[in-house]
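Please keep the sequence and the model in view while reading.

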Amino acid sequence: MKRGSRKPSKSDPDAYQNSGSVSNSKGAAAAAAGQFSDGTSAATAATPTIEVLPMFRDVPVPERQLLFFKKCQICCFQFDFSDTLKMVREKEIKRQNLVELVDYVQSGSGKISEGNQEEMIRMISLNIFRCLPPGSHENHGPVSIETEEDDPYLDPSWPHLQLVYELLLRYVVSTDTDAKIAKRYIDHSFVLKLLDMFDTEDPREREYLKTILHRIYGKFMVHRPFIRKAINNIFYQFIYETERNCGIAELLEILGSIINGFALPMKEEHKLFLMRALIPLHKPKSIAMYHQQLSYCITQFVEKDHKLADTVIRGLLKYWPITNCQKEVLFLGELEEVLEATQAAEFQRCMVPLFRQIARCLNSPHFQVAERALFMWNNEHIVSLMALNRTVVLPIIFEALETNIQAHWNPAVHGLTINIRKMFMEMDAEFFEECQRQHSEKQAHAKMAEDQRKQTWERLADSSVAHQIE
């Protein structure tokens with residue numbers, strides 16, 4: 001906000017921009033910006049002497065707005081937390097002031113003036129919007145599934161950062177915070193910077209960011225389309241450019257709640273988001289890091305609008321992994337959840353390509369893939385869909401079932417296959433026998449063709465030997 005020139009009164013918090021809240025000759029205004037007039041940051045310059053301010057309860061109510069402003073100014077200082085013995089007193093003073101600010105906002109002791117709201121958001125921005133340290137992926141390329149087991153990076157400045165995030169959260173959720181006024185400070189630029197911070201490797205920070213962004217989405221209706229579009233852009237960059245962002249799981253968790261609140265009939269914008277962002281998120285190798293949240297979002301779409309089941313299933317088949325067995329097991333689990341919410345009409349549209357893929361999974365030499373595919377027959381809804389369409393489904397998977405019974409190395413897969421074969425036999429014995437007859441004929445024809453090939457090669461070999469003798 002732009003302020004006009006006027007004579008400051010004793011009760012005006014703006015008067016304290018040049019007051020002694022930070023007793024350093026460089027001036028409080030520079031302190032509030034986190035640096036001195038020569039451009040040196042407060043953390044690296046000569047140690048400033050920070051004034052110890054009284055607690056809110058120790059000052060009269062009319063003076064608390066002034067004290068709030070001064071505390072925000074002190075909290076603008078940045079410190080080096082890599083050295084725990086450096087500026088210990090100043091760090092503790094800042095921490096105590098942050099605790100006081102959090103308690104003041106949370107308790108609702110008094111409505112915060114617009115000037116103080118602006119100063120508080122500026123202080124919060126100075127603290128949380130920073131350059132993140134290089135990630136482990138910058139030396140080793142895109143993140144691998146095994147990275148999930150590594151110890152996460154923990155920001156050493158978290159004792160202060162946590163309090164700053166807590167202050168922002170309490171401000172956003174407070175019933176005293178007027179969204180019409182707060183949106184001047186929590187604007188599009190602020191939201192974009194907040195989204196950038198989701199790439200931090202510290203899981204504690206991502207958890208706060210997730211909660212705060214969700215609350216902002218709920219409180220500031222004017223920002224909702226912008227937030228959805230900004231998250232879209234993060235996903236596009238992740239899918240098609242970097243394949244690296246630590247906060248994809250948290251963003252999907254927020255979206256899961258947002259999708260749950262979509263009104264029906266669903267807007268075309270939301271359907272495009274499903275097709276252009278959520279379904280392609282199955283492509284990156286690091287899907288295991290966020291698959292649970294992604295699967296929930298996808299299932300929410302299908303439960304909201306059953307007609308989207310065909311689109312989702314065909315999208316899964318498009319990105320189905322070929323050589324990554326762990327990823328294939330994840331896909332099979334998600335496929336079962338989608339089929340659970342699929343109606344008969346949508347099932348019929350995609351059942352042919354769907355069961356061709358399931359047949360390939362049944363014959364997978366990786367026992368976990370084959371076993372996970374066979375577990376689908378434990379789902380009553382999926383079995384009922386198969387029963388209604390058995391004349392299409394059984395011929396597609398019959399050969400895969402017979403191959404497993406005859407040749408699969410894993411006894412558990414072998415046993416499950418026998419149970420499923422028996423299930424189909426009891427479902428429609430006559431049609432099962434017809435499939436068995438067709439399979440036997442197909443095998444006989446295949447054997448005959450193989451014998452003919454062998455005979456042809458033998459004749460060619462004999463002819464070649466005779467030609468050499470001549």
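Among the contacts in the chain with a separation of 6 or more, 73% are made by residues 24 or more positions apart; contact means heavy atoms within 4.5 Å. The model is a predicted one, in which local features need pLDDT of at least 70 and side-chain atom pairs count only at pLDDT 80 or more, while totals for chains, interfaces and linings use all residues. Residues are numbered from 1 along each chain as its sequence is written, and side-chain values use heavy atoms, with hydrogens and water left out.

The chain has 21 helices and zero strands, taken as DSSP runs (H or I, at least four residues, for helices; E, at least two, for strands) and numbered from the N terminus. Of its 470 residues, 47% are buried, that is, under 20% relative accessible area with a 1.4 Å probe, protein chains only.

The largest nonpolar core holds 129 residues, and Phe235 and Leu278 touch the most other members. Such a core is a set of buried Ala, Val, Leu, Ile, Met, Phe, Trp, Tyr and Cys residues joined through side-chain atoms within 4.5 Å. Helix α6 (residues 158-173) gives this core its largest share, ten residues. Beyond its neighbours within four places in sequence, Phe235 is in contact with residues including Leu251, Phe273 and Leu278.

Terms used. Buried means under 20% relative accessible area, exposed over 50%, partly exposed in between (1.4 Å probe, protein chains only).
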